Amino acid sequence: MTAPSTAPAASRGGRWIQHWDPEDETFWNETGEKVARRNLIFSVLSEHIGFSIWTVWSVMVLFMGPEYGLTPADKFFIVSMATLVGAIVRVPYTFAVAIFGGRNWTVVSASLLLIPTVAAFAVMEPGTSFNTFLVCAMLAGIGGGNFASSMTNINAFFPLRKKGWALGLNAGGGNIGVPVVQLVGLAVIGASGGPRVLLGIYIPFIVLAAVLAWLRMDNIAELKNDTGAAKEAVKDAHTWIMSFLYVGTFGSFIGYSFAFGLVLQTQFGRTPLQSAYVTFIGPLLGSLIRPVGGALADKYGGAKITLWNYVAMAGATGVIVIASMQKSLPLFTTAFIALFVLSGLGNGSTFKMIPGIFQAKALAKGLRGEEAAAYGRRLSGATMGIIGAVGALGGLGINLAFRQSFLTVGSGTGAFVSFLAFYGLCFAVTWAVYLRRPATTTVTATAETEKKPQLSYAEV
């Protein structure tokens, strides 16, 4: 088996791999794994910085004191709009990989992070209008798109048996950009007294990520733009079911990442530094455990891990409601951090389900071998942008729910009650669609022998 070519394709510049078949074990062991891991490393770096820029306003609003003229409701609205833009741009970012190539788009998407960072650096001072801060936060939302393009790209590099681990590691390495920017913010802003220095630190790292992607990553020539896959993904019910479930996991993670410090500050009267000392812990643990969720899903099935994870998330949320009503800061903080960990675990298991579902659909169509694997990669790649975008919108919902809860009752208790009900609904949907075993939820894999073994979605 020869190594994959990285010679430029006809009329296309840059590093283009002409042949890629990760399901072929000989190919994978001899050449594929090394190339895939190298692309994974630099994909994680770019996505990591993208998450940091996307969520940098969750840190800065904590340190924007009375001199900035912003109310708690204003701050929740600012971070909500950053979440919204981050969700929307995930869809075009997904398909940009197929148009420009994974390596090429990583260079572009990393470079684009300079726009919100430089803009915020220029205006970050008291006296700047609320609308100006709002526009800068919305520009920061483009950092959320890096996740979608990175996941689509890495999904194409790894075989099905490795996707849970690879996608979990890729996403977890990106997610950890949230606690990193919060830790850096704690150190930098706490020492300097202003958020502008934090922005300046990230500018050279953005440039470094773009340069390394240019030098070390590859494009897969076979990953061509496929509008048919996008249309098929939009029409497939599983795209929207998994989007709903991803709202419960990633939507929780990103929404709480933006809101945790503000909730501590507003409901429990914590100072900016007191809030920042705690805020990073939840996102850090949630990010670190995401690959574990993917690995568990590889071993036991994504649907099973996701189902019981929702039970645990509902339990943690119930404890938070009690702590909120009793005004117990230690219990509230502990349960909130536990909820972060569970959201990270569920992020890994839900994303593992996506390629498994479309592999099952390929078998149901009678496809085999590389043909089935190619179909699964094609459809799962197309759906990831949609699912990632809808999931991120859950973060918008969480921040708007907190904003309304504080405006209405002066605490976040009402918001947490609604989240508890939502996790119960997610549990019911996961069980009904992917773990219940009537004939209607089983797909048939037509064998060459004319036998028809049953492949349940419970196996994804």
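Is R196 buried, partly exposed or exposed? At 27% relative accessibility, R196 counts as partly exposed; here buried means under 20% relative accessible area, exposed over 50%, and partly exposed in between, with a 1.4 Å probe and protein chains only. Please keep in mind that this is a predicted model, where local features need pLDDT of at least 70 and side-chain atom pairs count only at pLDDT 80 or more, while totals for chains, interfaces and linings use all residues. Residues are numbered from 1 along each chain as its sequence is written, and side-chain values use heavy atoms, with hydrogens and water left out.

**View 1. The whole protein has 18 helices and 4 strands.** Helices (H or I, at least four residues) and strands (E, at least two) are DSSP runs, numbered from the N terminus. The C-alpha trace spans about 70 × 50 × 30 Å along its principal axes. Of the 460 residues, 60% are buried.

**View 2. R196 pairs with E125 in a salt bridge.** A salt bridge is a side-chain nitrogen of Lys or Arg within 4 Å of a carboxyl oxygen of Asp or Glu. Side chains of opposite charge can pair when their charged atoms come close. For E125 and R196, the closest N and O atoms are 3.8 Å apart. E125 sits in the loop between α5 and α6 while R196 belongs to helix α10, so the pair ties together parts that are 71 residues apart in sequence.

**View 3. D218 forms a salt bridge with R15.** Their closest N and O atoms are 3.1 Å apart. Since D218 lies in the loop between α10 and β2 (219-220) and R15 in the segment before β1, this pair ties together parts that are 203 residues apart in sequence. D218 is buried, at 0% relative accessible area, whereas R15 is partly exposed at 25%.

**View 4. K361 and D236 meet through their side chains in a salt bridge.** The N to O distance is 3.2 Å. K361 is part of helix α16, and D236 is in the loop between α11 (227-235) and α12 (237-267), so the pair ties together parts that are 125 residues apart in sequence. Both K361 and D236 are buried.

**View 5. Helix α6 (residues 130-140) has buried residues F133, L134, C136, A137 and A140.** Seen down the axis of α6, these residues fall within an arc of 165°, so they line one face of the helix; the arc is that of the directions from the helix axis to the C-beta atoms. Their cover includes α1, α2 (72-88) and α5 (114-123).

**View 6. K327 has a positive phi of about 55°, although it is not a glycine.** Look for K327 in the loop between α15 (302-326) and α16 (329-364). K327 counts as exposed, at 69% relative accessibility.

**View 7. D21 is found in the loop between β1 (16-17) and α1 (25-60).** At 15% relative accessibility, D21 counts as buried. Leaving aside residues up to four places away in sequence, D21 touches F27 and E370.

How values were computed: Contact = heavy atoms within 4.5 Å.
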